[in-house]
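Could you open the structure and follow along with me?

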Amino acid sequence: MNPASDLVTKLWRLCTLLRKDGITYQQYVTELTYLLFLKMASEQHDEGKIPEAYRWGAIKAANEAEVLTTYKKALLDLGDPEKVADRSIVAIFQNATTVVREPATLTRLIEAIDGLHWFTAERDAFGDAYEGLLQKMAEETKRGAGQYFTPRVLIEVMVELMQPRAGEVIQDPASGTGGFLIAADHAMREATDDYFELSPAQQKFQLGQAIRGIENVPDTFRLLLMNLHLHKIDPDNMVLGDSLSPKGSAPQFKNADLILSNPPFGPAGGPPTRDDLTITSRVSSFQLPFVEHIVRALRLGGRAAVVVPDNVLFDDGRGKELRQRIMSWCNLHTILRLPTGIFYAQGVKTNVLFFTRADEEAPTVDATEAVWIYDMRSGAPAYGKTNPLKRADFADFVAAFGADPLGLASRTDTGEEGRFRCFTREAIAARGDNLDITWLKDTSDEAEDGLDTPEDIAAAIEGHLMVALEEIGALVGELEVE
């Protein structure tokens, strides 16, 4: 077993210390985040910004009668900017609370973490181990955050095809726990000999300016900061907030070279509060406004790969207007129709849009001349916890996509019996600009097919209900506009 997976196994077993108290998996991973941050600062001899009373050694040395009180005080003070100057530490511990109720349980948890072997190989692999914990959490969570956890293999494929390069600004407006941003940073390091061949100014940009993101859920934002910290990525360009609010139109989130994202799906609780999202300004769901944000946030010539649900391809009204704008301002060169069930047993069917912002805005001339669609869904098995998505499942698509991140490689239309086809802009216009194009019989399993636990089945049904509610909401919104 490699060091990262070994650490994941050991850390996940610690969950049994807290499960008896009725905590959730996300609460457990969040609790680990606090303790592991203090432990790693100790291991890396980087405790100078942490008050001495709250360092790992002090927490570990507290007797059982005092340990829980000391720990609670540490969580409170480490999140107070008046007591801790370091922004990233304050952000990780902002409004932090513990779910541990018994001092004996906390003592056992501290002892278990302290007893792990922290050799160099394991320490270097710790970022991967933390990501492994986040994935385990998503696999065990059929509702909430786990529904939309992007499978790591899908992230890796999207990053591989988009080829992030040193010197580029990479953005994720729905950062989650940072999967896309970390994978992009890793790809850039691999392509540039871990940044050592860059000049000092270039290294400074890569370490502090290249990676940018927004996350709206405080607990997820905490996990994001910890994940970036462990992967040696500066979190200064991470913002806690809503990309569909004015925060999303801040200068640091404009003119991105590459945007990689899996925005949230479903009802948003209200329309965007930004003035610049003119097409989706009255849409009360997440996906259409997020797509408009991504289009507007790209620099001219910038590229994007974004996961969207099927309705983005076929909605009338604002959805149709948004598709027309994408094909006018961008070269929407590729759509990948994903299999069902890859988002942990929820019923939404998804796709990946690959597009490049045109070098010049010419509203009367569409930048998209043709759209290539790869159908990975028809005839696919049901994916899920027992049958996870694998890198080999994408091999044919990666080969068909080609080596050009702008989608300009030579391609072959495989015809009505194949999975990869080309549709001209004229053909799409004749369909009313509906991009929900299929030609193979969809024999794929529904998300709930083959599931055998009430929790899994309920989560899949919940996904279908969310889609239905969203479509009703979109219809009501269109009627209000008219």
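**Notes on the strands, helices and loops**

1. Start with β8 and strand β9 (residues 420–424): they pair in the antiparallel sense over 5 bridges. Two strands count as paired if DSSP finds at least two bridges between them. As for the names, helices (H or I, at least four residues) and strands (E, at least two) are DSSP runs numbered from the N terminus.

2. Before going on, remember that this is a predicted model, where local features need pLDDT of at least 70, side-chain atom pairs count only at pLDDT 80 or more, and totals for chains, interfaces and linings use all residues. Residues are numbered from 1 along each chain as its sequence is written, and side-chain values use heavy atoms, with hydrogens and water left out.

3. Now for the other partner of β8: strand β6 (residues 330–337) pairs with β8 in the parallel sense over 4 bridges. Here L336 has Y374 in β8 as its bridge partner.

4. Is strand β8 mostly covered or mostly open? Mostly covered: 5 of the 6 residues in β8 (residues 370–375) are buried. Buried means under 20% relative accessible area, exposed means over 50%, and partly exposed lies in between (1.4 Å probe, protein chains only).

5. How many disulfides does the structure hold? The count is 0, where a disulfide is a pair of cysteine sulfur atoms within 2.5 Å.

6. Over to the helices. The axes of helix α5 (residues 67–78) and α7 come within 8 Å and cross at roughly 75°. That makes α5 roughly perpendicular to α7, a label for angles of 65 to 115 degrees. The axes are lines fitted to C-alpha atoms over the stretch in contact, with angles running from 0 to 180 degrees between N-to-C directions.

7. Which residues meet there? V67, L68 and Y71 in α5 touch P103, L106, T107 and I110 in α7, contact meaning heavy atoms within 4.5 Å. These residues divide into 6 nonpolar, 1 polar and no charged.

8. Last, two loop residues. N95 has a positive phi of about 55° although it is not a glycine; look for N95 between α6 (87–93) and α7 (103–114). N95 is exposed, at 68% relative accessible area. K232 also isn't a glycine, yet has a positive phi of about 60°.

Methods. Parallel < 35°, antiparallel > 145°, perpendicular 65-115°, else oblique. Nonpolar A, V, L, I, M, F, W, Y, C, P; charged D, E, K, R; others polar.
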